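Hello,

Here is the structure we talked about. My notes follow below it.

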Amino acid sequence: MIIAGNWKMHKLTGEAGELATQLKGRVSDLTPAVSVILCPPFTALAKVASILAGSSIGLGAQNVYWENEGAFTGEVSPIMLKDAGCTYVIIGHSERRQYFGETDATVNRKVHAALKARLVPIICVGETEEQRDRGETKDVIVTQVNGGLESVSADQLSNVIMAYEPVWAIGTGKNATPEQAQEVHALIRGLVGDRIKDSFAVSEFPILYGGSMKPANALDLLIQPDINGGLIGGASLKADSFEGIIRAGAAAIEK
Ligand code: PGA
């Protein structure tokens with residue numbers, strides 16, 4: 001069970017430190033049974049890393065470039081993220097695809113660069129509302145998963161996390177129903193299964209759901225057979241709501 005908080009472009013260093021400190025104190029009884037990951041903005045990574053040191057909460061970034069160094073003004077490299085204390089990095093979030101021109105090809109380059117630097121990529125896929133209405137959900141997911149994972153070996157897949165985030169559910173308050181999410185998660189697991197022959201590894205492969213997850217709907221989503229955790233935006237910004245989702249994750253393990 002993995003519960004990751006995507007703080008997006010929120011929190012100054014002081015606020016980030018405060019939230020990380022609160023969470024560390026509140027959920028220590030639940031980790032590492034639930035793997036909790038915090039993904040603050042770049043500017044707060046070092047601060048949050050210093051607070052999380054020695055705890056079992058993991059640190060992730062929200063984006064990465066695919067070169068380790070060079071004349072790429074404004075970009076942040078995989079080895080820089082490692083240096084800042086990250087273990088994880090979100091890649092291909094729909095906001096990056098929508099506003100910053102990321103494509104399956106750039107997502108794939110980033111995935112390879114992250115894996116090379118021993119960062120665990122959290123690869124996001126998801127259809128827009130129009131695509132769902134047109135009946136294209138399956139095609140979109142197949143294209144994004146296969147595009148993002150191009151030339152990623154079965155061995156490397158043991159260090160990859162996928163996240164299904166329907167674009168229409170992100171930040172809208174309108175989550176996918178457990179059945180809608182489960183259907184796409186099963187599809188993603190099938191696609192991963194085409195690449196990994198070991199059926200245990202396929203069943204253990206982590207696929208997170210993201211899109212308006214909150215304490216009130218988390219358990220119903222997290223008990224679905226192919227949902228292995230959540231990627232949380234809005235509800236990860238407050239200790240109360242994020243703790244509630246982490247507790248739902250712990251409860252889902254027991255079911
Ligand atoms: P949300 O965002 O929880 O605010 O819907 C999820 C995400 O974008 O990762």
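R118 counts as exposed, at 67% relative accessibility (buried is under 20% relative accessible area, exposed over 50%, partly exposed in between, with a 1.4 Å probe and protein chains only). R118 lies in the loop between α5 (104-116) and β5 (120-125). R118 is not a glycine, yet has a positive phi of about 60°.

This is a predicted model, where local features need pLDDT of at least 70, side-chain atom pairs count only at pLDDT 80 or more, and totals for chains, interfaces and linings use all residues. Residues are numbered from 1 along each chain as its sequence is written, and side-chain values use heavy atoms, without hydrogens and water.

K11 also has a positive phi, about 85°, and is not a glycine. K11 sits in the loop between β1 (2-6) and α1. K11 is partly exposed, at 24% relative accessible area.

The peptide bond from T31 to P32 is cis, with omega near 5°. P32 is in the loop between α1 (13-26) and β2 (35-39). Most residues other than glycine have a negative phi, and most peptide bonds are trans.

Now the whole chain. The protein has 11 helices and 8 strands (DSSP runs numbered from the N terminus: helices are H or I, at least four residues; strands are E, at least two). Buried residues make up 54% of the 255 residues. Of contacts between residues at least 6 apart in sequence, 71% join residues at least 24 apart (contact means heavy atoms within 4.5 Å). The C-alpha atoms fill a box of roughly 45 × 45 × 35 Å along the principal axes.

Best wishes
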